Amino acid sequence: MSYDGLVMNGIARECNQLLSGARIDKIAQPNKNEIILQLRNQGKSHKLLISALAQEARVQLTTTAPPNPDQPPAFCMVLRKHLEGGRILSFEQQGMDRILYITISAMDEFGDIKPKRLIAEIMGKHSNLILTDPETGRIIDSLKRVTESVNRYRQVLPGLSYLAPPPVHKLPLWQEDEEAIGTRLMTAGASQALDKLILSLYDGIGPLSVQELIYRAGASPVDTPERFGQRDYLRLFQAIQGLGKAIREGAYQGEILLQDGKPKDFSAIALTLYPAEQRQAFSSLNEMLDVFYRNRGAANLFHQEQKNLEQILYREQERCRKKAGLQAESILEGKEAQKWQILGQLLTANHYQIPQGEEALVPDYHDPEGAMVRIPMDPRLSPIENAQAYFRRYQKARQTAKMAQVHYDETMAELAYLDSLAFSLTTVRSPEELAEVRRELGEAGYSKQKPASKRASGGKSRLMAGKTGGGKGNKADKPKAREADPVISKIHYQGFDILYGRNNRQNDYLNMKVAKGGDLWFHAQSIPSAHVILRNPDKKDVPAEAVETAAKLCLWHSQAKSAGRAAIDYTLRQNIWKPKGAKPGMMLYEKFQTIYVTAEEEEIRLLLTAHQA
């Protein structure tokens with residue numbers, strides 16, 4: 001992320017304006033990497049969040065906070081002891097580095113008012129929050145303790161003197177000189193890319209801000225100083241000078257960069273290199289960060305839940321594959337069991353001339369040349385008893401293979417169902433759609449979210465309809481609240497509505513509740529895909545273009561999406577049916593036609609944008 005020195009500078013300015021003199025009412029530590037100071041100033045409450053989490057390290061005001069643990073961590077107790085009831089004096093950034101000094105006036109154990117200093121070091125995986133005594137320069141405690149075995153140059157331990165991270169020795173933007181800029185760039189690296197040069201030379205500016213600065217200068221990130229002329233240096237200097245002036249004046253213009261409508265990155269300066277529809281502007285950097293990380297938190301939660309469900313499905317798919325492998329071996333053994341029957345027949349046909357012993361040598365009457373066959377025998381049994389043993393072995397193998405075939409078919413049906421669920425997870429776009437997949441997993445007995453009496457392994461569920469207990473007023477007798485109908489995606493094309501489901505529940509609803517006779521139904525051949533319905537209530541002739549468009553949508557929402565081509569089967573709605581006891585999303589169909597289509601991302605994007613219903 002782009003929490004660079006510019007963002008830190010803007011946050012420090014805003015916090016000084018809002019929080020100077022604020023009283024620290026409460027201190028919380030919701031997790032091992034975050035501290036929240038609950039503040040009160042001029043009749044208003046504020047929450048100051050300080051995070052040392054590597055990917056999300058920052059200082060910001062927030063409107064939300066995660067719940068606190070029942071037992072506060074040790075560092076939280078230290079902060080409460082030294083800071084609660086104190087007042088914030090100032091926020092001071094060290095140069096343009098991502099190091100913020102928060103000076104606090106608080107009462108010590110003797111009742112004297114003494115200064116304390118919280119130092120927020122926002123440095124990726126090395127981020128930390130350190131409480132120090134500014135009068136002695138010693139560390140009281142820290143969020144992360146750093147021993148000599150971790151860092152020989154700089155230990156962070158209670159009682160040691162605080163040593164600031166080594167300075168970066170970069171030039172502040174506002175100190176650049178028009179006459180010196182060319183020499184500076186050429187000396188630093190005449191053939192080096194411009195974005196890397198600026199990042200290494202100037203203080204406080206991060207990669208995203210560098211990209212914007214280069215754009216304002218009318219240059220390219222891959223340009224090199226050796227190819228610059230006087231005019232190029234002038235434009236670059238003017239861009240640097242303008243941004244440096246804005247920093248000195250605190251004239252920040254916070255913006256969130258959007259991708260597919262979702263926050264991707266943020267900046268303390270306007271991102272004019274991106275189109276307006278990809279930018280969300282804010283008057284406050286604190287508000288910008290609050291919106292960004294709140295959305296990021298929701299997205300992280302969404303992806304974590306998605307990953308958890310994927311792991312459940314992967315485990316169940318592996319279980320089915322192993323089971324199917326064992327069942328296939330039993331089936332193969334059954335197919336080879338014919339040899340036991342033949343051996344029994346040969347022993348029976350020749351028993352009168354076979355002595356009792358460990359083996360028998362008899363002619364094979366199945367062989368035209370009458371070759372001799374050596375048959376192992378149990379010496380404790382007569383030839384006829386050995387023949388009967390071979391017949392029993394044959395019958396057992398046949399019966400085992402027969403049952404194995406039934407179970408194998410059930411296992412493969414379950415695996416196909418699991419594959420359809422796994423495919424659904426790749427298409428979810430909202431928490432509601434994810435909840436539908438999670439609910440289906442619970443109802444099928446694959447997760448603990450909802451108990452089921454039997455796994456969806458091809459057999460019927462043992463759940464019974466009707467009452468579960470006697471007596472009036474039993475909760476089981478009360479009708480359940482009706483679930484809301486799933487939201488179905490739809491486009492309008494050449495006078496026809498084309499609808500498609502993203503998961504099994506949506507597909508079932510689409511097939512059984514929405515589609516009517518005369519509508520066309522589409523599904524990718526032999527692979528999981530969305531079920532697509534082309535509505536045709538007037539039973540008109542459907543143009544080939546409309547059929548092809550529906551097929552393309554089916555392709556794009558199938559496992560063949562990455563290949564960009566597939567065979568799509570389609571038929572009338574009246575030619576599809578759901579077998580009794582079939583799992584969600586499972587349909588059979590007949591009297592179908594097949595169309596072979598290809599589709600590219602840009603084509604589908606334009607189709608969805610131009611014809612969204």
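**Rings and overall form in a predicted model**

The chain has 13 helices and 22 strands, counted as DSSP runs from the N terminus (helices H or I, at least four residues; strands E, at least two). This is a predicted model, where local features need pLDDT of at least 70, side-chain atom pairs count only at pLDDT 80 or more, and totals for chains, interfaces and linings use all residues. Residues are numbered from 1 along each chain as its sequence is written, and side-chain values use heavy atoms, leaving out hydrogens and water.

Me: Which kind of aromatic pair do F292 and Y293 form?
Reply: Ring centres of Phe, Tyr and Trp (its six-membered ring) must lie within 6.5 Å to pair; planes under 30 degrees apart are stacked, over 60 edge-to-face, and the rest tilted. Here the centres are 5.1 Å apart and the planes make 85 degrees, so the pair is edge-to-face.

Me: Is F292 buried or exposed?
Reply: Buried means under 20% relative accessible area, exposed over 50%, and partly exposed in between (1.4 Å probe, protein chains only). F292 has a relative accessible area of 2%, so F292 is buried.

Me: Which residue lies over the face of Y293?
Reply: A charge sits over a ring if NZ of Lys or CZ of Arg is within 6 Å of the ring centre and within 35 degrees of the ring normal. At 3.7 Å from the ring centre of Y293, the residue over its face is R58.
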